[in-house]
Amino acid sequence: MAYPGYGGGFGNFSIQVPGIQMGEPVPETGPAVLLDEYCGFPAFSDAYSSAGDSVYTYFSAVAGQDGELDAEELQRCLTQSGISGTYSPFSLETCRIMIAMLDRDYTGKLGFSEFKELWAALNAWKQNFMTVDQDGSGTVEHHELRQAIGLMGYRLSPQTITTIVKRYSKNGRIFFDDYVACCVKLRALTVFAGHYGNLNVQNSKPEETL
């Protein structure tokens, strides 16, 4: 079954949300990853297999007897995997919103199929973050954030960009953990628009949602 934001086809939507215009998605990142029509979020191909996969190794090393990851287990799993690289490990709050993004059965946890989709997204977002972090500071500033969001295919108004910086930055700089939290919120807004096909909400303010 196809889900919005995970490679599902929904035809040619004209998504119109004030402050956001949809552009071209970020280029493919990593093996066996396909980009869907929603910005910045890759979906695994049907041919993806967990056999001999390091992602499954990371998952199974931490998952409980129920074969799923709660927020604390997800935090431990991602930290042990080293996916954050030289950046700080993900906070528990960010892990909670990542679970909420993918938790289709509302268990408050991630199964492996959901986890591997998260893994693909994190790798794409990390590559995007590294591309615009031109000074190697481990953070992105206002102008770099605008570039990063543009690379994912979003076209945000200056007001929305400023709001994001205010909400997700520390002293004007956005760390990778907060950047991922922002990407999750952007994706949620995009999927919401996708559910309704042609969405044109003249009075909505995306900066309030973000």
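These legends accompany several close-up views of a predicted protein model.

The model is predicted, and local features are described where pLDDT is at least 70, side-chain atom pairs count only at pLDDT 80 or more, and totals for chains, interfaces and linings use all residues. Residues are numbered from 1 along each chain as its sequence is written, and side-chain values use heavy atoms, with hydrogens and water left out.

**View 1. The whole protein chain.** The protein chain has 8 helices and 8 strands, where helices (H or I, at least four residues) and strands (E, at least two) are DSSP runs numbered from the N terminus. Of its 210 residues, 50% count as buried, a term that means under 20% relative accessible area, with exposed meaning over 50% and partly exposed lying in between (1.4 Å probe, protein chains only).

**View 2. The largest nonpolar core.** A nonpolar core is a set of buried Ala, Val, Leu, Ile, Met, Phe, Trp, Tyr and Cys residues joined through side-chain atoms within 4.5 Å. Of the 48 residues in the largest one, Leu74, Met98, Phe115, Trp125 and Tyr179 touch the most other members. Several elements each supply at least two residues of this core, among them helix 1 (54-62), helix 2 (71-81) and strand 6 (154-156), while helix 4 gives the most, with 9 residues. With neighbours within four places in sequence left aside, phenylalanine 115 is in contact with residues including Val55, Phe59, Leu74 and Leu110, contact meaning heavy atoms within 4.5 Å.

**View 3. Lysine 109 in its loop.** Lysine 109 lies in the loop between helix 3 (92-102) and helix 4 (112-132), and at 25% relative accessibility this residue counts as partly exposed. The side chain of lysine 109 makes a polar contact with the side chain of aspartate 66, at 2.6 Å; a polar contact is a pair of N or O atoms within 3.5 Å, and within protein one must be able to donate a hydrogen and the other to accept it, while residues adjacent in sequence count only if both atoms are side-chain atoms. Although lysine 109 and isoleucine 99 are 10 residues apart along the chain, their C-alpha atoms are separated by 6.3 Å.

View 4. In helix 5 (residues 142-151), the buried residues are Glu144, Leu145, Ala148 and Ile149. Seen down the axis of helix 5, these buried residues fall within an arc of 135°, so they line one face of the helix, the arc being that of the directions from the helix axis to the C-beta atoms. Just after helix 5, glycine 153 takes a positive phi of about 100°.
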